[in-house]
Amino acid sequence: DGTCSVAGIGGYTDSKLVIPAEYNGMPVVGIADNAFWNCDSITTVFIPDSVTSIGDLAFADCSNLTSIRLSTALKEIPLAAFCGCTSLKSIRVPEGITYIGVHAFAQCTSLTSLTLPMSLSKIDSYLFSDCYSLTTIKYSGSEGNWNALIEGVDLGVNGSSYTVYFG
């Protein structure tokens with residue numbers, strides 16, 4: 001179809017992973033399921049705005065990942081995409097994302113802050129399971145929107161004490 005997706009790390013050894021916007025003249029539009037699962041060498045990730053999808057568990061268990069820049073073209077963060085990224089301290093989910101899947105940030109034990117867009121229309125359960133360091137959630141919508149978004153959802157905060165800031 002004239003596009004391509006990243007399926008894995010191959011022989012890449014740099015700790016700073018920059019997903020290319022184009023490969024062999026074709027736009028890079030996706031990151032496959034499990035593409036970088038358990039890649040301990042990665043510390044930072046840059047995902048260009050050409051990428052419209054990330055697969056399940058794409059960056060799961062990247063224990064040294066400290067920062068990530070997500071594509072603004074993404075519509076969702078799927079199942080356990082960043083689960084077990086124990087060095088990740090903060091993440092900004094860009095406006096336009098409408099869905100965050102089950103366990104997306106579970107076991108991110110160093111995660112202290114998360115910025116979420118008002119565009120979110122669904123969050124699945126256990127988003128923050130074992131995120132013991134989480135103290136701050138910044139949500140660009142209103143308190144009413146937040147309450148509607150999380151109604152009936154077990155965020156899995158496991159006794160963590162966090163504050164949600166609105167607007």
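The model is predicted, so local features are given at pLDDT of at least 70 and side-chain atom pairs at pLDDT 80 or more, whereas totals for chains, interfaces and linings use all residues. Residues are numbered from 1 along each chain as its sequence is written, and side-chain values use heavy atoms, with hydrogens and water left out.

**Overall form**

The protein chain holds one helix and 14 strands; helices (H or I, at least four residues) and strands (E, at least two) are DSSP runs, numbered from the N terminus. Its radius of gyration is 15 Å, which agrees with the value near 15 Å for a compact globule of 167 residues. That radius is taken over C-alpha atoms, and the globule rule is 2.2 Å times the number of residues to the power 0.38. The C-alpha trace spans about 45 × 30 × 20 Å along its principal axes. Of the 167 residues, 43% are buried (buried means under 20% relative accessible area, exposed over 50%, partly exposed in between, with a 1.4 Å probe and protein chains only). The chain exposes about 7,500 Å², of which carbon and sulfur atoms supply 51%; accessible areas come from the Shrake-Rupley method with a 1.4 Å probe, and for residues only the protein chains shown count as cover. Among contacts (heavy atoms within 4.5 Å) with a separation of 6 or more, 39% join residues 24 or more positions apart.

An open sheet of four strands runs in the order 9-11-13-14 with parallel pairing, where two strands pair if DSSP finds at least two bridges between them. Strand 9 (90-92) and strand 14 (163-166) are its edges; each has a single partner strand, so one side of each lacks a neighbour in the sheet. Neighbouring strands of this sheet are turned by 15° against each other on average, direction ignored. Axes are lines fitted to C-alpha atoms, for helices over the stretch in contact, and angles run from 0 to 180 degrees between N-to-C directions.

An open sheet of three strands has the order 2-5-7, with parallel pairing. Here strand 2 (16-18) and strand 7 (67-69) stand at the edges with a single partner strand each, so one side of each is left without a neighbour in the sheet. The twist in this sheet averages 5° from one strand to the next.

| Strand pair | Sense and bridges |
|---|---|
| Strand 13 and strand 14 | parallel, four bridges |
| Strand 5 and strand 7 | parallel, three bridges |

Within these pairs, threonine 136 stands opposite threonine 163 in strand 14, and phenylalanine 46 stands opposite arginine 69 in strand 7.

**Helix 1**

Helix 1 (residues 143-150) lies across strand 11 (113-116), strand 13 and strand 14, and runs at about 110° to strand 13. Its buried residues are Trp146, Leu149 and Ile150. Seen down the helix axis, they fall within an arc of 85°, so they line one face of helix 1; the arc is that of the directions from the helix axis to the C-beta atoms. These buried residues pack against strand 11, strand 12 (122-123), strand 13 and strand 14. Just after helix 1, glycine 152 adopts a positive phi of about 75°.

**Asparagine 38**

Asparagine 38 lies in the loop between strand 4 (26-31) and strand 5 (44-46). With a relative accessible area of 40%, asparagine 38 is partly exposed. Leaving aside residues up to four places away in sequence, asparagine 38 touches Ala60, Asp61 and Cys62. Asparagine 38 and glycine 84 are 46 residues apart in sequence, and their C-alpha atoms are 8.9 Å apart in space.
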